[in-house]
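Here are my notes on the model you sent. Please read them beside the coordinates.

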Amino acid sequence: MPRLVAICAPAGYGKTTHLLKQGGHYLAFLPGEGSPEDLVRALWWTLRREKPGGPPHRAFRELLTLLGDKEVHLAVDDVHYLTSEAGDYLLSLLHAPGVCLTVAGRDLVSLRSLPRLMADGVAHVIEAEDLVRLTGWCPQPLDR
């Protein structure tokens, strides 16, 4: 089983519904909330129920240390709002051996190292058609 599952599908294909059924910790982003600072703040709140201290790079390293070998499943929705730098931070969570990620978005452009992770067998991508087959969900066209 890959440690990263990335779902890429248009609005209305059931990405959020699928993520919520996976269990674990869930977080989502809104337009304008895609910076590394926003990501680190959201991760700290989701995983630790507290605010991070210090700049994002230091708070992120501290979070990785706190996670250690603990098994953590994290579902991250709307990754298309993340900047590429924030996407790099997010995928760096895989440096903690017990972390498994399921991410979803209308596109996966912010996840720059995704092709390398796929080549290494660490990541798997589920496209829109695959999601429909997997969930049986009938896509509902939504406005962007």
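The points below cover a helix pair and a set of strands.

1. This is a predicted model, in which local features need pLDDT of at least 70 and side-chain atom pairs count only at pLDDT 80 or more, while totals for chains, interfaces and linings use all residues. Residues are numbered from 1 along each chain as its sequence is written, and side-chain values use heavy atoms, with hydrogens and water left out.

2. Helices (H or I, at least four residues) and strands (E, at least two) are DSSP runs, numbered from the N terminus. Helix H2 spans residues 36-48 and helix H3 residues 56-67; their axes come within 10 Å and cross at roughly 30°. Axes are lines fitted to C-alpha atoms, for helices over the stretch in contact, with angles from 0 to 180 degrees between N-to-C directions. That crossing makes H2 roughly parallel to H3 (angles under 35 degrees).

3. Contact means heavy atoms within 4.5 Å. On the H2 side the contact residues include Val 40, Leu 43, Trp 44 and Leu 47, and on the H3 side they include Ala 59, Phe 60, Leu 63 and Leu 66. The residues of this contact divide into 11 nonpolar, no polar and 3 charged; Glu and Arg count as charged, and Ala, Val, Leu, Phe, Trp and Pro as nonpolar.

4. Strand S4 (residues 99-105) is mostly covered, with 6 of its 7 residues buried (under 20% relative accessible area, 1.4 Å probe, protein chains only).

5. S4 runs parallel to strand S1 (residues 4-8), joined by 5 bridges; Val 5 has Thr 102 of S4 as its bridge partner. Strand S3 (residues 72-77) also pairs with S4 in the parallel sense, over 5 bridges, and here Val 76 is partnered by Val 103 of S4. Two strands pair if DSSP finds at least two bridges between them.

Definitions and conventions. Angles under 35 degrees count as roughly parallel, over 145 as roughly antiparallel, 65 to 115 as roughly perpendicular and the rest as oblique. Buried means under 20% relative accessible area, exposed over 50%, partly exposed in between (1.4 Å probe, protein chains only).
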